Amino acid sequence: MSKTTETKLNDSKCTRLTRAVVLISGSGSNLQAFIEQIKSGDLPLDIVLVISNNKGAYGLKRASNALIATSAIDHRSFDSRRQFDQALMREIDAVEPDLIILAGFMRILTAEFVNHYHNRLVNIHPSLLPKYPGTNTHQRAIDAGDQWHGASIHFVVPDVDAGPIILQGRLRVGPDDTNESLQQRIHKIEHALYPLAVKWFAENRLTVESNIVLLDGETSAQQLQTFEV
Ligand code: GRF
């Protein structure tokens, strides 16, 4: 895997499917969206392992139901964030993935971990970044009186929720929207866009230049999509 920014990010080329590890902490509805798209033949991806820091995560059941290997590594059994991340890296590296997908993984990762997977670690965040990094994004959008809210898929860098953006989806915030309604509506955007962004990676169509993600060598007109959901 080249670490220069000008080269294509995915080494899998056409000889085999892109191998992915998905990290989750909870429900795993985004994981389910990947599974459905793979089943329907729309996403050329092999999810080789799903790891959760929470052994009760429903997403682990979704993975098992789809006959995907799972692992639970409880962060509470480690003395430090660094030790947990190192254990995580060992499990991930053992299956030699091309891509690591954070899908509702509720842990802040060390710079060492993030840099180890430079330009092959992606995350989905429920806001129109750079707005509202961190938690409680839906309520923050409501409280600010925002007209638009959405989700962003980005490559991960050591600063939280700050990496180069691959794709964003937005919706209009209605006068009756609540934290819960926005969460549900944003999930619909996420389930449509996260598999698409990963598909672009798997098809070797993404590059990162000067902190900007290019699709087929160009700034994508599709980088911000508007949804009626
Ligand atoms: C999503 O809203 C995602 O944006 C955030 O965590 C949530 C995960 O949902 N990072 P799920 O577990 O995929 O249902």
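**Loops, ligand surroundings and a cavity**

Y132 is buried, at a relative accessible area of 14% (buried means under 20%, exposed over 50%, partly exposed in between, with a 1.4 Å probe and protein chains only). The model is predicted: local features need pLDDT of at least 70, side-chain atom pairs count only at pLDDT 80 or more, and totals for chains, interfaces and linings use all residues. Residues are numbered from 1 along each chain as its sequence is written, and side-chain values use heavy atoms, with hydrogens and water left out.

Q: Where is Y132 placed, and what is its phi near?
A: Y132 is in the loop between strand 5 and helix 5 (helices are DSSP runs of H or I with at least four residues, strands runs of E with at least two, numbered from the N terminus). Its phi is positive although Y132 is a residue other than glycine, with a value near 55°.

Q: Which residue is joined to P130 by a cis peptide bond?
A: P130 is found in the loop between strand 5 (121-125) and helix 5 (137-143). The cis bond has an omega of about 15°, and the partner of P130 is L129.

Q: Is E96 buried or exposed?
A: E96 is found in the loop between helix 3 (81-94) and strand 4. It has a positive phi of about 50° without being a glycine. Because its relative accessible area is 60%, E96 is classed as exposed.

Q: Which residues is T110 in contact with, leaving aside its neighbours within four places in sequence?
A: T110 is found in the loop between strand 4 (99-102) and helix 4 (111-116). Its relative accessible area is 17%, so T110 is buried. Contact means heavy atoms within 4.5 Å. With those neighbours left aside, the contacts of T110 are R81, R82 and D85.

Q: Which residue has a polar backbone atom 3.0 Å from a nitrogen atom of the ligand?
A: Residues surrounding the ligand include S29, N30, I124 and H187 (a heavy atom within 4 Å). An oxygen atom of the ligand lies 2.9 Å from a polar backbone atom of N30, and an oxygen atom of the ligand lies 3.2 Å from a side-chain N or O atom of H187. For the nitrogen atom at 3.0 Å, the residue is I124.

Q: Which element gives the largest share of the lining of the largest cavity?
A: Residues that line the largest cavity include V122, F155 and L206. Strand 6 (148-155) and helix 6 (179-202) are the elements that give two or more residues to this lining. The largest share, three residues, comes from helix 6.

Definitions and conventions. 1 Å grid on protein atoms, 1.4 Å probe; cavity = no way out; pocket = protein on both sides within 12 Å on 5 of 7 lines; lining within 4 Å. Polar contact = N/O pair within 3.5 Å; in protein donor to acceptor, adjacent residues only side chain to side chain.
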